[in-house]
Amino acid sequence: MKLPLGLAVSGGGDSMALLHLAVAAAVPVAVATVDHGLRAEAAAEAEAVARACAGLGVAHRTLRWHWDGLGNLQDRARRGRLALLSDWARAEGLGAVALGHTRDDLAETFLMRLARGAGIDGLAAMAARREVSGVMFLRPLLEVSRQELRDWLGLRGVAWFDDPSNENDRFARVRARRMVAALGAQGIGSDVLAETALRMREAREALDGQAAAVAAECGRIEAGDVIFDAAQFARLPAEIRRRLLLAAVVWVASAEYGPRGADMVRLRDAVAAGRAATLHGVRVTTAKGRVRIGREARAVAGVETPANALWDGRWRASGGNNNDLTLRALGETGLRQCSGWRATGLPRATLLAAPALWNGGDLVAAPLAGMAAGWQIGCVPPQGVLAAAKGAAALSSALSH
């Protein structure tokens, strides 16, 4: 049986068009509305979406998010929305979740990132498919303009809500929207900007393809670290070196996003000069003919999970049967108890940041440091650029058993 498609519907024109287009195409769907609790009208709008769904015979849920007052509001709200939708999709067993982003969103995002001095990756069009927390998010309306959707709704007598914050130029997206309108008068409208973003995406995909081929040739994964042959790495074009380092930093740090562009350029230049560097909780060294990117011990010093949980976003323990144990970094205290760690051939810095099993203050097992005690440690394999690096496939196979 085909799984229903989840739809994120706020009640605005884009998402209401998404809902009615799906129903008109007889696509089985379930709908969620995220109430961020930031506007008094939001609850009533969610109720209106629920009524519209009931009239269409579509299941609906309202998901509520609360801002704790910390960080950038728009960024936190976006992340919170995706987290709520991911949890909802998994709980409902949905095949994917569709979002109502349009060609205008491509143009606005392009200008916002251009204003921040973004490079090719930042200026590339948002992906039509993207996985978040194990859930596939789709953007099926990227080739359609906002006005076309509203015209379609108007012909069918379907109402929608206009968020008043869309007129508040305190927000970067509102300023970008007005800039798109102004540029349109000069012949550089949303169509031109969106097309440029799509071409940037093609360029990004080509560069990622080249970086992936290089990773397969001279990269490998060892004990959760990414290693490149230093001589081969030094001969690569600067942009390919930056991409490989970025992919490694994001995977090792289990980060949703990488460091800023200027920071990555400084890291690339440090590697070229043979200097050790740290960034994003990741350490990079060049020694013995290898560039090694691994977790910084200080970044995981306070990370602790139950023995059966994912540790630091990448590591799982298996083989033992004591559910009272916890996973945390081996650290100096643990390493001193592993008399055979040198025989593993792994660098000391790698082992200090490696996961180990503890019973309170007592070390029980440290598989990567030669003290297995019946336990195994598996690492979630990298995706994308690093997926074909030597050892990545072995990680995937080991983790699945």
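The legends below describe close-up views of a predicted model.

**View 1. Helix α1 and its surroundings.** Helix α1 covers residues 13–24, which makes 12 residues. From the first C-alpha to the last, α1 reaches 16 Å, close to the 16 Å expected at 1.5 Å a residue. The helix is mostly covered, with 9 of its 12 residues buried. The buried residues are G13, D14, S15, M16, A17, L18, L19, H20 and A22. Their cover includes the strands β1 (5–8), β2 (29–35) and β4 (96–98). It also includes the helices α2 (42–56), α4 (103–115) and α6 (146–155). After α1 comes A26, which has a positive phi near 60 degrees.

**View 2. Strand β6 and its two partners.** Strand β6 (residues 135–138) pairs with β4 in the parallel sense over 2 bridges. In this pairing, F137 of β6 is the bridge partner of V97. Strand β5 (residues 129–132) pairs with β6 in the antiparallel sense, over 4 bridges. Here M136 in β6 stands opposite E131.

**View 3. The β5–β6 hairpin turn.** Strands β5 and β6 form a hairpin, and 2 residues lie between them. In the turn, S133 has a positive phi of about 50 degrees.

**View 4. The two faces of strand β13.** Side chains alternate along β13 (residues 315–318). W315 and A317 point to one face and are buried.

**View 5. Pairing of β13 with β17.** Strand β17 (residues 376–379) and β13 pair in the antiparallel sense over 4 bridges.

Conventions
Residues are numbered from 1 along each chain as its sequence is written. This is a predicted model: local features need pLDDT of at least 70, side-chain atom pairs count only at pLDDT 80 or more; totals for chains, interfaces and linings use all residues. Side-chain values use heavy atoms; hydrogens and water are left out. Buried means under 20% relative accessible area, exposed over 50%, partly exposed in between (1.4 Å probe, protein chains only). Two strands pair if DSSP finds at least two bridges between them. The expected span of a helix is 1.5 Å times one less than its number of residues. Contact means heavy atoms within 4.5 Å.
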